[in-house]
Amino acid sequence: MEVVRSESGVRSEKIAAPVAPVIARTKRLQVWFIRVCSSILLWTCLVQLLTVGELWHHNFINIIAPSVKHPPLPLLPLRNYTSNGYLKVSCNGGLNQMRSAICDMVAVARLLNLTLVVPELDKTSFWADNSTFEDIFDVKHFIESLRDEIRIVRRLPKRFSSKYRYKVFEMPPVSWSSEEYYLQQILPLFSKQKVLHFNKTDARLANNGVSIDLQKVRCHVTFQALKFTPEIESLGYKLVRVLHERGPFVALHMRYEMDMLAFSGCTHGCTKEEAEELKQLRYAYPWWREKEIVSEERRSQGLCPLTPEETALILQALGFDKDTQIYIAAGEIYGSERRLVVLRAAYPRIVRKEMLLDSGELQQFQNHSSQMAALDFMVSIASDTFIPTYDGNMAKVVEGHRRYLGFKKTILLDRKRLVELLDLHQNGTLTWNEFAFAVRSAHEKRMGQPTRRRVIADKPKEEDYFYANPQECLCEGTSCDDLLGLGNSSSVP
């Protein structure tokens, strides 16, 4: 330090030149420190965002932002176990019935330590669709995403083929069966039979009373492993994008189709000729066991899909205005455009996939009802509101997916109550305002909110379907009480 005297005689101290670099270094350290803190803050925010994104599920992000390309995930660790044999399964029914069956069969294979053969799909049902598993689902993804649960092979080893005179033991497992049934009655069969063929797979595993680990296997399959082929996904994403560009939309699963009406015996609103046609069709299919059905009795019990005319009134009563965009997620409506006149008059912005896509884009899916249903499934999952007019397999599976994606709005119509209200309104007993108020009041708690699955002892067909409300996969531990509510009883005497 140097002492200097000013012209006025006042002494002062002058900082030596070497101190200047010290100040500069200090400033650089401050800048560096700020940058480090900023980086840590940004990375913390990114991690939090990714965590939140994971909670709302990877599939949901794919649906709302399909253009985002995610790098392939690393392979899951291979589960090491000694296989007790091969399980071959033939699924029966439509797309969503088969989808649930595949989930059940993976769970059974996991329970019994079996090797699963890629499932065969139904080619003899009403729809006569010859699609294979590989035509609808991404088989490579299916096998790889379940490698931590079971081994899956594309086909049986040659030594088990008829060419080598091997006769595969074939049987249908008992419907709605428990884990004990499979462990005590099915597993011992593999001591003699190295291959077992389940020739029917619909509803062969119980909704309830199944261990939570096995329930989570079912969820793993339906929410992660069963991914549609790239061709189906690409077109499905395009449909969703086009619909969203036009504004919010309702996916209306209007199950007023020939097969459903024939199977259920519901002919309300049909001509005598149509009723007879449906009856003859029911008799033509031997696996539709119930032949003589009184349509109006069935309707009064809430066991019929709503007609297009009834649907128009219900949508209006629920408060959907004329500008609502409605996507019909269904096949050919019975009676074609003639039966849609009233609904179109009430809602001019009704669209179908055939109206939104070029004919060439749909050509490869024509005459393949399951592949067309896969497109409707994707749109229904992504819709702002989903409304099924009948609680069939698609309605239930979509409901469960929408719960998994954050309890998206799903209006579950109480058809028995609605039929009563419709008849009272149409005979003049209820005014429009009274009718609309009653409809809205009946559905306040039927919007897909969190709730416990309803259990009915010894009546599995009447209780809530596992795939419609897979509660074991929607929450963890004590958080379930907060989400589903302690007071929501899950059993019915």
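Modeller: Helix axes are lines fitted to C-alpha atoms over the stretch in contact, and the angle between two of them runs from 0 to 180 degrees between N-to-C directions. The model before us is predicted.

Colleague: At what angle do the axes of H3 and helix H7 cross, and how far apart are they?

Modeller: The axes of H3 and helix H7, the latter spanning residues 212-225, cross at roughly 135° and come within 9 Å.

Colleague: Which residues of H3 and H7 meet?

Modeller: From H3, the residues are Arg99, Cys103, Asp104, Val106, Ala107, Arg110 and Leu111; they meet Leu214, Val217, Arg218, Val221 and Thr222 of H7. Sorted by class, this contact of H3 with H7 has seven nonpolar, one polar and four charged residues.

Colleague: How do H3 and helix H6 pack?

Modeller: H3 covers residues 95-112 and H6 covers residues 179-186; they pack at an angle of about 55°, with axes 10 Å apart. H3 and H6 are therefore oblique to each other. The crossing of H3 and H6 is right-handed.

Colleague: Which residues make the meeting of H3 with H6?

Modeller: Met105, Val108, Leu111 and Leu112 of H3 meet Glu179, Tyr182, Leu183 and Ile186 of H6. The contact of H3 with H6 divides into seven nonpolar residues, no polar ones and one charged.

Colleague: At what angle do helix H12 and helix H18 cross?

Modeller: The axes of H12 (residues 308-317) and H18 (residues 415-426) cross at roughly 90° and come within 11 Å. H12 is therefore roughly perpendicular to H18. Glu310, Leu313 and Ile314 of H12 make the contact with Leu418, Leu422 and Gln426 of H18. By class, the residues of this contact are four nonpolar, one polar and one charged.

Colleague: How does one look for empty space in a model?

Modeller: Rolling a probe the size of a water molecule over the atoms shows where empty space is left. In this structure there is one cavity of 30 Å³ or more. The largest cavity has a volume of about 70 Å³.

Colleague: Which residues lie nearest the centre of the largest cavity?

Modeller: They are His268, Arg299, Cys304, Pro305 and Glu310, among 15 lining residues. Glu310 also belongs to the contact of H12 with H18. The lining of the largest cavity comprises eight nonpolar, four polar and three charged residues.

Note on methods:
Residues are numbered from 1 along each chain as its sequence is written. This is a predicted model: local features need pLDDT of at least 70, side-chain atom pairs count only at pLDDT 80 or more; totals for chains, interfaces and linings use all residues. Side-chain values use heavy atoms; hydrogens and water are left out. On a 1 Å grid over the protein atoms alone, a cavity is a set of points where a 1.4 Å probe fits but cannot get out, and a pocket is an open set with protein on both sides within 12 Å along at least five of seven lines; lining residues have an atom within 4 Å of a point. Grid points are joined across faces, edges and corners, and a volume is the space filled by probe spheres set on the points. Ala, Val, Leu, Ile, Met, Phe, Trp, Tyr, Cys and Pro count as nonpolar, Asp, Glu, Lys and Arg as charged, and the others, Gly among them, as polar. Helices (H or I, at least four residues) and strands (E, at least two) are DSSP runs, numbered from the N terminus. Angles under 35 degrees count as roughly parallel, over 145 as roughly antiparallel, 65 to 115 as roughly perpendicular and the rest as oblique. A crossing is left-handed if the near helix is turned anticlockwise from the far one by less than a right angle, and right-handed if clockwise. Contact means heavy atoms within 4.5 Å.
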